[in-house]
Amino acid sequence: MHRSLAVLALVVAGLAAVPPAHAVPTCGGKPATRVFGGGNDVVTGTNGDDVVILGGGDDVYQDDNGGDDTICAGPGDDTVYAVSPGADVIDLGRGDDWAQVDFQSRVTAGEGNDTVLAGWSAVVRGGPGRDELKSEIGSPRLLGGPGDDHLQIGLSTPSANGGKGTDSVGFWFGNQPVRVDLARERASSPDAGAMRLVAVEDVDGTAYADVIRGNGGRNVLRGSGGNDRIYGGGGRDRAEGGSGRDTCIAEVRVSC
């Protein structure tokens with residue numbers, strides 16, 4: 001009897017010591033359908049809802065086939081194209097990454113200095129690095145992160161938020177000038193109308209006759225081309241007129 005109990009105890013202990021089954025890696029809280037290693041992979045999405053983990057190399061992910069994909073980039077310098085219809089979710093991870101996203105995609109930049117081109121109704125969030133977020137077409141939302149970001153906004157961008165850090169804004173308006181008033185958190189152009197600028201410190205004007213006004217902080221206001229008018233605000237500001245016959249009122253004036 002005692003021998004039987006001892007054997008049973010050993011069996012139970014052995015069962016308890018059996019390691020659990022291998023856990024499936026996750027991306028965005030979802031079990032991954034495709035996982036890649038440390039090489040420089042070139043990956044094409046399927047027509048389903050892919051959940052992809054890219055490895056440690058400099059990878060390229062191309063979403064040509066639709067589906068609502070979830071993509072986790074790795075620590076390398078990755079390239080992600082998410083331009084087919086769908087609502088992709090992309091985490092760029094570490095590394096200096098480049099991404100182009102359209103439709104209802106959502107992108108979060110990682111720890112590196114990332115560049116993201118956004119279209120239609122995509123939403124882009126900057127990370128802790130010095131990111132460049134660009135609006136190409138449609139009305140994407142550009143939200144800077146804690147780093148010093150540059151936001152390039154287009155004709156139909158409704159708003160841009162620089163977030164924390166010292167952030168700058170530029171404009172993709174074709175052949176139109178821009179009027180910027182950082183104190184009023186506002187920018188406008190003849191065709192684009194008005195748009196809101198939040199948590200932006202510095203401005204890059206267009207090649208045309210811009211009017212740029214600072215706020216109460218320390219601003220760098222660049223006119224670029226055209227006959228610009230640049231007015232600093234309450235801080236110690238720097239005005240750079242660029243080419244053209246410019247008018248500048250600021251503590252530091254260059255090419256004015």
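Predicted model: local features only at pLDDT ≥ 70, side-chain atom pairs only at ≥ 80, totals over all residues.

Trainee: Okay, where is Thr157 found?

Mentor: Thr157 is in the loop between β16 (150-154) and β17 (159-161).

Trainee: How many Å apart in space are Thr157 and Phe171?

Mentor: Their C-alpha atoms are 10.0 Å apart, and the two residues are 14 residues apart in sequence.

Trainee: Is Gly144 buried or exposed?

Mentor: Gly144 is buried, with a relative accessible area of 16%.

Trainee: So what is Gly144 in contact with, leaving aside its neighbours within four places in sequence?

Mentor: The contacts of Gly144 are Gly126, Leu133, Asp149, Asn161, Gly162 and Gly163. Asp131 is another residue to look at: its C-alpha is separated from that of Gly144 by 7.8 Å, and the two are 13 residues apart along the chain.

Trainee: New topic, charges. How many salt bridges does the structure hold?

Mentor: There are six salt bridges. One of them joins Lys134 and Glu132, with the closest N and O atoms 3.6 Å apart. Lys134 is partly exposed at 21% relative accessibility, and Glu132 is partly exposed at 29%.

Trainee: Which side chain meets Glu240 in a salt bridge at 3.6 Å, N to O?

Mentor: That's Arg222. Glu240 lies in strand β26 (residues 238-240) and Arg222 in strand β24 (residues 220-222), so this pair ties together parts that are 18 residues apart in sequence.

Trainee: How about Glu240 and Arg238, how many Å is their salt bridge?

Mentor: That one is 2.5 Å, N to O. Arg238 is partly exposed, at 34% relative accessibility. Salt bridges that share partners join Asp204, Arg222, Arg238 and Glu240 into one network.

Trainee: Which residues form the positive surface patch?

Mentor: Lys30, Arg106, Arg125 and Arg141 form that patch. Lys30 is found in strand β2 (residues 30-31), and Lys30 counts as partly exposed at 40% relative accessibility.

Trainee: Last one, backbone angles. What is phi of Trp120?

Mentor: Phi of Trp120 is near 55°, which is a positive value in a residue other than glycine. Trp120 lies in strand β12 (residues 115-120) and is partly exposed, at 42% relative accessibility.

Trainee: And what about phi of Ala199?

Mentor: Phi of Ala199 is also positive, near 55°, again in a residue other than glycine. Look for Ala199 in the loop between β21 (193-198) and β22 (202-204). Ala199 is partly exposed, with a relative accessible area of 28%.

Technical notes
Residues numbered from 1 in each chain as written. Heavy atoms only, no water. Patch = residues over 30% accessible without salt bridge, like charges linked within 9 Å, V, L, I, M, F, W, Y side chains within 5 Å. Areas by Shrake-Rupley, 256 points an atom, 1.4 Å probe, with all protein chains shown as cover. Salt bridge = Lys/Arg side-chain N within 4 Å of Asp/Glu carboxyl O. Lys, Arg positive; Asp, Glu negative; His and termini not counted. Charge placed at Lys NZ, Arg CZ, Asp CG, Glu CD. Helix = DSSP H or I, 4+ residues; strand = E, 2+ residues; numbered from the N terminus. Buried < 20%, exposed > 50% of the residue type's maximum accessible area, 1.4 Å probe, protein only. Contact = heavy atoms within 4.5 Å.
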